[in-house]
Amino acid sequence: MINKLKHISIAACLIMGMTGCSDFLDILPMNEVVLENYWTEKNDVVSVVNSCYETLESGDCITRMGVWGELRSDNLRMGANVPNDINEILKENLLPSNSYCNWAKFYEAINRCNTVCHYAPMVQEIDPNYTMEEMKANIAEVSAIRALCYFYLIRTFKDVPYTTSPSIDDSQEYVLPATPFGAVLDSLIQDLEKVKDDAVRRYYTDDSPNAYYNSSKITRWAIYALLADLYLWKGEWDNAIRYCDMVIDFKRLQYKEMVERQGNVNNIDLIDSIPMILEKPVGSTTCGNAYNEIFGEGNSFESIFELYYRTNQSQQNTWVSNYYGNNNNIVGNLSTSDFLFKDVAQGNNNVFKRTDGRAYEGAELNNSRYAITKYARRQVTYSTQNVSTEKDLNLNSSRRSGSDANWILYRLSDMILIKAEALIERNNVGDLEAAFALIDIVNKRANDAVGGTRSSTLKKDDYIDSKPAMENLLFEERQREFIFEGKRWYDLVRLARRDGDNSRLISLATRKYIENVNAIKIKLADPNIIYFPYSKSELKVNPLLRQNPAFDTGEDSELNR
């Protein structure tokens, strides 16, 4: 947070449209205009709610979601023309001066959300067209966006300044100390529990041209998904399972409605009672359908919440286009670790089986590097029948020429694997077997082992008698399923927090390194180093912050005296 969180003169700029917002904020103090003339009708609230989404979709936010959640993991390595700050993080030479330690844009989103929560009830009292139900839905919507922002911040920095009060005018001082991780997590859960059932169920029917709103705006199901994740990090297994089941049951209902409306649905089928998009639809001889719908087109049946760029000209997903690649730059600023994708088709890879479509959808060999293709591709088809070399795949693909890839935050696979993880950790009678069945659903879809002669690649007896074996399987499957989706480093952080030490994190995260491996292992042994340091500029303006001990060289301490 900066010395004063930007007061919401942001809202007033929405009168003029979002395009001129930053310049408007910089030159015009709008306190009186905002307070007396802006918050008067429903449209004022809706405009600021929309601006909360716009902030999340901004280049600053989307890039940090990728950097914070993925860069330090074993998934990513240097690509082409790597920016220096990115390169330093890849080398585990992370310093408080690194630009990715800056969290300002997330706090801008938080303050916009806080402001809606503050003013929406007042507007509801004076605008007869703004109903109580609409007001509650808007507050639920921005409460979820705020919780999502804080969830990113605590997973990245651990303890962060926390407030639900808006910074409205220049008379308010918002210099706050850091609130502990656990206290923030508890507050996020409490806030969402209060508003979860006020959120919109669906904005449009499934056959409406605007149905994408149902997964690119906060719905009740998006809040349930976020709550499941928050409870997973808190270690409340029953609650995590309960919210996963609520979302999964909703997807079952959606599928039932779809079948009743359309008749047979050839691209979605029940896999052990859970409807999933098939890699190879009924009647097709090629795979890639699930990728094309989930990542190529976006806003798929399986989506719960994703940031929308598909036809949004005002915002671009520069994280994918710059760092993963596009039609003009096959290798982006980042590439992926060789061990993840080398010799998959030959059956000599320890991460992916030769039939696992996620390997062929996620990366491709380009000269000496494995270029990231997940999200960067718009469409892909291939065959995994009788594969022994890459040529046998008959792979065809097209890449994005622009920056219009939606960014998925929660989808059905999240719910399946969060529930599986909670079952493993709860470890009641039958839980390990139930968890295996869920993991196997995700794995079967990826290996096209649905409704045909091909059997599952996983053998139940290898896992269900051992909780550690099931934990390993769960995190392996999460890596395969969510690779390059901004989740892997957070998975390793959650693992280290649960273990109480960094041993497993170190073993997994350092697999990508060839040089200085021992030095990096020693550095990562510090329990605090799995989090980012506070920005040097933030420490200068907030004397109540104390630097993460793993990054405190003494110089930062001087700033706070």
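A residue counts as buried when its relative accessible area is under 20%, as exposed when that area is over 50%, and as partly exposed in between (1.4 Å probe, protein chains only). The legends below describe a predicted model, in which local features need pLDDT of at least 70 and side-chain atom pairs count only at pLDDT 80 or more, while totals for chains, interfaces and linings use all residues. Residues are numbered from 1 along each chain as its sequence is written, and side-chain values use heavy atoms, with hydrogens and water left out.

**View 1. Welcome to W39 and Y119, a stacked aromatic pair.** Rings of Phe, Tyr and Trp (its six-membered ring) pair if their centres lie within 6.5 Å; planes under 30 degrees apart are stacked, over 60 edge-to-face, and the rest tilted. The whole structure holds 33 aromatic pairs. In this one, the centres of W39 and Y119 are 4.7 Å apart, with 10° between the planes. W39 sits in the loop between α3 (31-38) and α4 (42-57) and Y119 in helix α7 (residues 104-126), so the pair ties together parts 80 residues apart in sequence. W39 is buried at 6% relative accessible area, and Y119 is buried at 5%.

View 2. W103 is buried at 1% relative accessibility, and F157 is buried at 3%. Ring pairs also link both residues into a cluster whose members include F106, Y150 and Y534.

**View 3. Two arginines lie over ring faces, R155 at F151 and R497 at F181.** A charge sits over a ring if NZ of Lys or CZ of Arg is within 6 Å of the ring centre and within 35 degrees of the ring normal. R155 is 3.8 Å from the ring centre of F151, and R497 is 3.7 Å from that of F181.

Terms used. Helices (H or I, at least four residues) and strands (E, at least two) are DSSP runs, numbered from the N terminus.
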